[in-house]
Amino acid sequence: MTTAIPTTMPAWVRRTYGPAAGTRIEQLPVPVPGRGEVLLRVQATALNAGDVRLMLGDPLLVRPMFGFTRPKNPVRGMDVAGTIVAVGPDVVGAERGEDVIVELPGGGGLAPYAVVEASRVVARPPDITPDIAACLPIAGGTAWQALDAAGVGLTGQATPRVLIIGASGGVGTFAVQLAVLRGAEVWATCSARNAPLIEALGAARTLDHRQSPLSDLPAERFDAVIDIAGGIALRDLQRLVAPGGSVVLTTGDGGHIMGPVPRMLKALLLSIGRRPRIRSLAATSRPEVLRKLLALVAEGRIVPVIEREWPFDDAASALAHVEAGHTVGKVVVRAA
Ligand SMILES: NC(=O)c1ccc[n+]([C@@H]2O[C@H](COP(=O)([O-])OP(=O)(O)OC[C@H]3O[C@@H](n4cnc5c(N)ncnc54)[C@H](OP(=O)(O)O)[C@@H]3O)[C@@H](O)[C@H]2O)c1
């Protein structure tokens, strides 16, 4: 028996750019799926550092795409697990009643219903719960693509040594596990309080990012460096990598206006003629990677780390927690 879809819904809204504290519940119309789109009944939403960037409209660089003076979509939440409850015209391969996960470009997940292109959704296997599955799209997908960009596990090298800078957040906790699965010896930077968790995820060595400067490490120690946290000079990263290896930058950190762009340009310049190369990653939504991640979760080979789940009525606190920048693994908001 299908439940009727209401015409309006309570959604967490911030209509201007700014901190989580300004996020409020408002009654919004339930969106209607257009051509090639489906309507999801949201079951769980996982938050990312990217949600905070869009909420703050920082760096200013994001505003041309997401709204010059205010966010085009005032509802945050990009990683969603849900059930298809309505299908728009010309949709192929997605059906009402299907449980799926998806990355919503630009947000919309902190509401009971969200609309998305059907081509982006991936079926959620019944043995993976919505809260776990929702953690995968951005954090898991970015970790996977960063390791691919660094060639980890792709070059036939027996046991590459990989340094993961910023291992305790959403992307970091997946990167450690996936690198270990690809046969790497993983060294990871995190704070002392998170070291036991990161070692339990498979890291051979953890370095306290507040106490142990990477400049203490010998040169050419690693086959790849994955920089998730940022804040370290590019030359210092390059020094750590053996010839033939590479540095991959995923961090979105940087200035208030151009964000990571100046560092990405510098990385290009520093890579001219010099080895190892520094690559900047702009991860994209890749359903085929999501399916592989779901399979690894189903086999128990990777485990999404969820620091805490928040009830829908407290979603603003969840956003504020991510905004504080000390999330351990993932933060999930349960369905309304
Ligand atoms: N390039 C792309 O396509 C792409 C895609 C997704 C995400 N990103 C970027 O990747 C970064 C991580 O995203 P996320 O969602 O995983 O963030 P997150 O979960 O909010 O990361 C928080 C974690 O980072 C750790 N951390 C902060 N500064 C650190 C440092 N200097 N050294 C080591 N650890 C540090 C914190 O640990 P402590 O509590 O110890 O400080 C905390 O555990 C963000 O900058 C995001 O914009 C980029």
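Between domain 1 and domain 2 of this predicted model, about 1500 Å² of area is buried, and carbon and sulfur atoms account for 59% of it. On the domain 1 side, the residues that lose the most area to domain 2 are Leu61, Val305 and Val328, which together make up 29% of what that side buries.

The contact itself brings 17 residues of domain 1 together with 22 residues of domain 2. What kind of polar pairing joins them? The rule finds 8 residue pairs in polar contact across this interface, both residues of each pair being at pLDDT 80 or more. On the domain 1 side, the touching residues comprise 8 nonpolar, 4 polar and 5 charged ones. For salt bridges between the two domains, the count is 0.

Now to the ligand. It is surrounded by 27 residues, and the closest are Ser168, Ser191, Arg193, Ala283 and Thr327.

| Residue | Atom of the residue | Distance to a ligand oxygen atom |
|---|---|---|
| Ser191 | polar side-chain atom | 2.7 Å |
| Val171 | backbone N or O atom | 2.8 Å |
| Arg210 | side-chain N or O atom | 3.2 Å |

How much of the ligand's accessible area does the protein cover? On its own the ligand has 950 Å² of accessible area, and the protein covers 83% of that.

Note on methods:
Residues numbered from 1 in each chain as written. Predicted model: local features only at pLDDT ≥ 70, side-chain atom pairs only at ≥ 80, totals over all residues. Heavy atoms only, no water. Contact = heavy atoms within 4.5 Å. Buried area = accessible area lost by both parts, 1.4 Å probe. Salt bridge = Lys/Arg side-chain N within 4 Å of Asp/Glu carboxyl O. Polar contact = N/O pair within 3.5 Å; in protein donor to acceptor, adjacent residues only side chain to side chain. Nonpolar A, V, L, I, M, F, W, Y, C, P; charged D, E, K, R; others polar. Near = heavy atom within 4 Å. Areas by Shrake-Rupley, 256 points an atom, 1.4 Å probe, with all protein chains shown as cover.
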